[in-house]
Amino acid sequence: MQAEIEARRAEIARGLGVRPDCDIDEELERRIVFLADYLLAARMDAYVIGISGGVDSLVAGRIAQLAVSRLRSSGHVCALVAARLPYGTQSDEQDARRAMDFVAPDKRMTLNIQPAVDAQRVALEAAGIDYADAHAEDFIAGNIKARQRMIALYAIAGAHKGLVVGTDNAAEALTGFFTKHGDGAADVMPLSGLTKRCVREIGAALGAPPDLVAKVPTADLETLRPQHPDEAALGFAYREIDDFLEGRPVSPEVAQRLVSRYDATEHKRRPAATPPYLRH
């Protein structure tokens with residue numbers, strides 16, 4: 001049984017593109033090149049990203065800014081547009097402002113998603129939606145927030161002939177810890193294949209504020225549990241998830257639970273399912 005789990009563990013890490021060691025300089029350079037080449041190939045003029053105040057959007061945003069700066073130095077007219085998308089008043093407002101300053105985008109925007117989210121909830125209630133309980137309602141509302149943010153980012157991208165930058169990393173991909181068609185929807189995912197540990201190391205190497213690099217991650221989507229830590233919601237420490245992906249020692253129980261979690265969330269990593277094609 002343990003040999004089977006170890007085989008699955010290696011297979012999952014390969015499938016997610018995780019390398020055992022994080023070569024910071026190499027990973028940073030190939031992601032800058034990826035974003036620059038992709039924007040050119042798509043014949044688009046901008047990247048658009050949402051900045052939350054967490055380390056993932058901080059690092060992804062800075063990498064995107066470095067990519068467009070490199071393109072401009074070679075004569076291509078392009079820009080990075082970064083948006084803050086709070087639901088009402090953001091409790092870690094200062095962190096989001098500092099993250100935006102570090103990313104240093106060419107254009108900054110702030111859009112309050114609360115009116116749109118609240119209107120959607122009112123419409124659902126008028127239509128007769130049934131929730132199991134208050135926590136189920138709050139969880140669903142959290143997913144509406146995540147999707148509304150992506151609606152806003154794609155509207156901004158459409159206005160700027162741009163592409164949306166996602167912020168999901170390998171730890172979130174493994175656990176399915178993202179909202180379908182919310183933060184899981186984007187045109188490019190520059191942090192793909194990076195563990196949370198590696199994202200933090202790249203952030204530190206880029207000179208990001210140390211407290212933002214080490215900040216406790218939270219999706220902060222639930223009103224009943226504001227700033228609820230990702231690790232509490234997941235039931236895993238990011239250290240355990242990263243160790244699993246990088247081939248470091250983890251307990252058999254953690255390995256088994258992560259494999260089970262990966263299998264249970266497979267539908268979130270796949271495109272929409274379609275009927276099998278008929279063969280004539």
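In which helix does Ser57 lie? The legends below start with that residue; the model they describe is predicted.

**View 1. Ser57 in its helix.** Ser57 belongs to helix H3, which runs over residues 55-73. With a relative accessibility of 4%, Ser57 falls under the 20% cut-off and therefore counts as buried. Setting aside neighbours within four places in sequence, its contacts are Ile49, Gly50, Ile51, Ser52, Val103 and Thr167. Have a look at the Ser57 side chain too: it reaches the backbone nitrogen of Ser52 at 3.2 Å.

**View 2. Gly50 in strand S1.** Here we turn to Gly50, found in the strand formed by residues 46-50. Gly50 has 19% relative accessibility, so it counts as buried, the cut-off being under 20%. Neighbours within four places in sequence aside, Gly50 is in contact with Ser57, Ala83 and Leu153.

**View 3. Residues annotated as "binding site".** Both Gly50 and Ser57 come under this UniProt annotation, taken from an unreviewed entry. The annotation also covers other residues, including Ile51, Ser52, Thr167, Lys196 and Thr218.

View 4. Helix H12 takes in residues 252-264, and its 13 residues should span 18 Å at 1.5 Å a residue; the end C-alpha atoms are 18 Å apart, which agrees. Its buried residues are Val254, Ala255, Leu258, Val259 and Tyr262. These cover an arc of only 130° around the axis, so they sit on the same side of H12. On the face turned away from that buried side you will find the exposed residues Pro252, Glu253 and Ala264.

Note on methods
Residues are numbered from 1 along each chain as its sequence is written. This is a predicted model: local features need pLDDT of at least 70, side-chain atom pairs count only at pLDDT 80 or more; totals for chains, interfaces and linings use all residues. Side-chain values use heavy atoms; hydrogens and water are left out. Helices (H or I, at least four residues) and strands (E, at least two) are DSSP runs, numbered from the N terminus. The expected span of a helix is 1.5 Å times one less than its number of residues. Buried means under 20% relative accessible area, exposed over 50%, partly exposed in between (1.4 Å probe, protein chains only). The arc is that of the directions from the helix axis to the C-beta atoms. UniProt positions are given in the numbering used here, feature names are shortened, and annotations may be inferred rather than shown by experiment. Contact means heavy atoms within 4.5 Å. A polar contact is a pair of N or O atoms within 3.5 Å; within protein, one must be able to donate a hydrogen and the other to accept it, and residues adjacent in sequence count only if both atoms are side-chain atoms.
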